[in-house]
Amino acid sequence: LEGYYQYKIPLLPNQLRVGQGYVIDKLDTLWELDSKKKERVTWYLIRIPIRQFEQKIGNIEGFKSIRFMRMFLTNFQEPVVLR
């Protein structure tokens, strides 16, 4: 059976500010791609209060039986890495 809680997290650059939405921290750093290349990257720490879901899909009750998280992204024009 397919039952889950849905949360929407805006990931537009102008909406990713510490203290807004679910963003609680931000770190700008240089990431070493190989021994000759470095790239500036930004890491965001996002915490989602699970009891504040936007929508309940299917016949799910409570939060004790949650085993997985599924993410889907929309409206991206360039590749993005989420970890």
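So, Gln 6: leaving out residues up to four places away in sequence, Gln 6 touches Phe 53, Glu 54, Gln 55 and Ile 57, where a contact means heavy atoms within 4.5 Å. Gln 6 sits in strand S1, residues 4-6. Strands here are DSSP runs of E with at least two residues, helices are runs of H or I with at least four, and both are numbered from the N terminus. Gln 6 counts as buried because its relative accessibility is 13%; the cut-offs are under 20% for buried, over 50% for exposed, and partly exposed in between, with a 1.4 Å probe and protein chains only.

Quick housekeeping before I go on. This is a predicted model, so local features need pLDDT of at least 70 and side-chain atom pairs count only at pLDDT 80 or more, while totals for chains, interfaces and linings use all residues. Residues are numbered from 1 along each chain as its sequence is written, and side-chain values use heavy atoms, with hydrogens and water left out.

Okay, the whole chain. There are 4 strands and 0 helices, and from the N terminus the order is β-β-β-β. The radius of gyration is 16 Å, well over the 12 Å that the globule rule gives for 83 residues, so the chain is more spread out than a compact globule. That radius is taken over C-alpha atoms, and the rule is 2.2 Å times the number of residues to the power 0.38. Along its principal axes, the C-alpha trace spans about 50 × 25 × 25 Å. Of the 83 residues, 7% count as buried. And if you take the contacts with a separation of 6 or more, residues 24 or more positions apart account for 49% of them.

Now to the start of the chain. Glu 2 is in the segment before S1, and it is partly exposed, with a relative accessible area of 48%. Not counting residues up to four places away, Glu 2 touches Ile 57, Gly 58 and Arg 70. With Arg 70 there is a side-chain polar contact of 2.7 Å. By polar contact I mean a pair of N or O atoms within 3.5 Å; within protein, one must be able to donate a hydrogen and the other to accept it, and residues adjacent in sequence count only if both atoms are side-chain atoms.

Which residue's side chain does Thr 42 join through a polar contact? That would be Asp 28, at 2.6 Å. Thr 42 is in strand S3 and counts as partly exposed, at 35% relative accessibility. Setting aside neighbours within four places, Thr 42 is in contact with Lys 26, Leu 27 and Asp 28. Thr 29 is 13 residues from Thr 42 in sequence, and their C-alphas are 6.4 Å apart.

Moving along, Arg 47 is in the loop between strand S3 (38-46) and strand S4 (55-57). Is Arg 47 buried or exposed? Exposed, because its relative accessibility is 55%. Arg 47 still touches Tyr 22 and Ile 24, again not counting residues up to four places away in sequence.

Last one, and worth a look on the screen: Asn 75. Asn 75 is not a glycine, yet it has a positive phi of about 65 degrees. You'll find Asn 75 in the segment after S4, and at 75% relative accessibility it counts as exposed.
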